[in-house]
Amino acid sequence: GPWTFSMIFEKTDSTTGGSYDGLFYMSLTNRLKFQNDNQQIYAAIGGTDQRIFDYGSSLVDGVYHHYTFVRENNGNVLGYVDGVLKGTADFSGDSFTQGGVPMRIGYNSQFLQANVGPILFYDKALSAGEVLSNYNQLKERFGL
C-alpha cells in the first residue's frame, strides 16, 4: 500500500566505488540508497534497482536537505528534495514489509555518512502540498 518516508540530513562524505549508502533498509532487496556518485538516489524493491532521481550535482554540499519518498497506490514512488519533486520510479511489486527482518535507517552495505535530523514515516501517500508544508515547517531549523 501507500507510504511516505521523510528525513533531513547533511551528507558529510562521498559514497565511493561500488558502495551503497543506505537511507532506509529492510533487506538486500528492499531499500532506499545513494549509489556511487552522491547525486542519484535509488529504490531497490524485490531486488530490482530503480533510479528515483538524479539531482544533477553532488549532494555532499555542506548543507542539510529534506528528502521525502512517497509511494502512491499505483506503485509509483516520488522523490522530493527540499519540497520539490525531482523524479519518479516504478515501485510496484513487493512492499518494504518483511517478517522478522529488522528495519535499519542509515545502513545498507555502507553506513550513511551524514548528520541526521528528523525521520518521519507515514502509512499514507502525502500529497505534494503536504510534502512542501513539512519542508517549510522544518527548513529554518536546519538552515534550508
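1. Let's start with Phe-121, which is found in strand β10. (Strands are DSSP runs of E with at least two residues, helices are runs of H or I with at least four, and both are numbered from the N terminus.) Phe-121 is partly exposed, at 40% relative accessibility. (Buried means under 20% relative accessible area, exposed means over 50%, and partly exposed lies in between, using a 1.4 Å probe and protein chains only.)

2. A quick word on what you're looking at: this is a predicted model, where local features need pLDDT of at least 70 and side-chain atom pairs count only at pLDDT 80 or more, while totals for chains, interfaces and linings use all residues. Residues are numbered from 1 along each chain as its sequence is written, and side-chain values use heavy atoms, with hydrogens and water left out.

3. Now the open sheet. Five strands line up in the order β5-β4-β3-β2-β9, with antiparallel pairing. (Two strands pair if DSSP finds at least two bridges between them.) The edges are β5 (48-54) and β9 (104-105), each pairing on one side only.

4. Have a look at β3 (residues 30-35) in that sheet: six of its six residues are buried. Both faces are covered, with Asn-30, Leu-32 and Phe-34 on one side and Arg-31, Lys-33 and Gln-35 on the other.

5. Then β4 (residues 40-45) is joined to β5 by six antiparallel bridges, and Tyr-42 stands opposite Arg-51 in β5.

6. Leaving out residues up to four places away in sequence, the contacts of Val-77 include Trp-3, Ile-52, Phe-69, Gly-87 and Phe-91. (Contact means heavy atoms within 4.5 Å.) Val-77 and Trp-3 are 74 residues apart in sequence, with 9.3 Å between their C-alpha atoms.

7. On to helix α1 (residues 128-138), whose buried residues are Val-131, Asn-134, Tyr-135 and Leu-138. These cover an arc of only 100° around the axis, so they lie on the same side of α1. (The arc is that of the directions from the helix axis to the C-beta atoms.) The strands they pack against are β1 (3-11), β6 (65-71), β7 (76-81) and β10 (114-122).

8. Last, the salt bridge count, which comes to one. (The rule asks for a side-chain nitrogen of Lys or Arg within 4 Å of a carboxyl oxygen of Asp or Glu.) Lys-124 and Glu-130 form it, with their closest N and O atoms 3.0 Å apart. Lys-124 is partly exposed, with a relative accessible area of 37%; Glu-130 is partly exposed too, at 30%.
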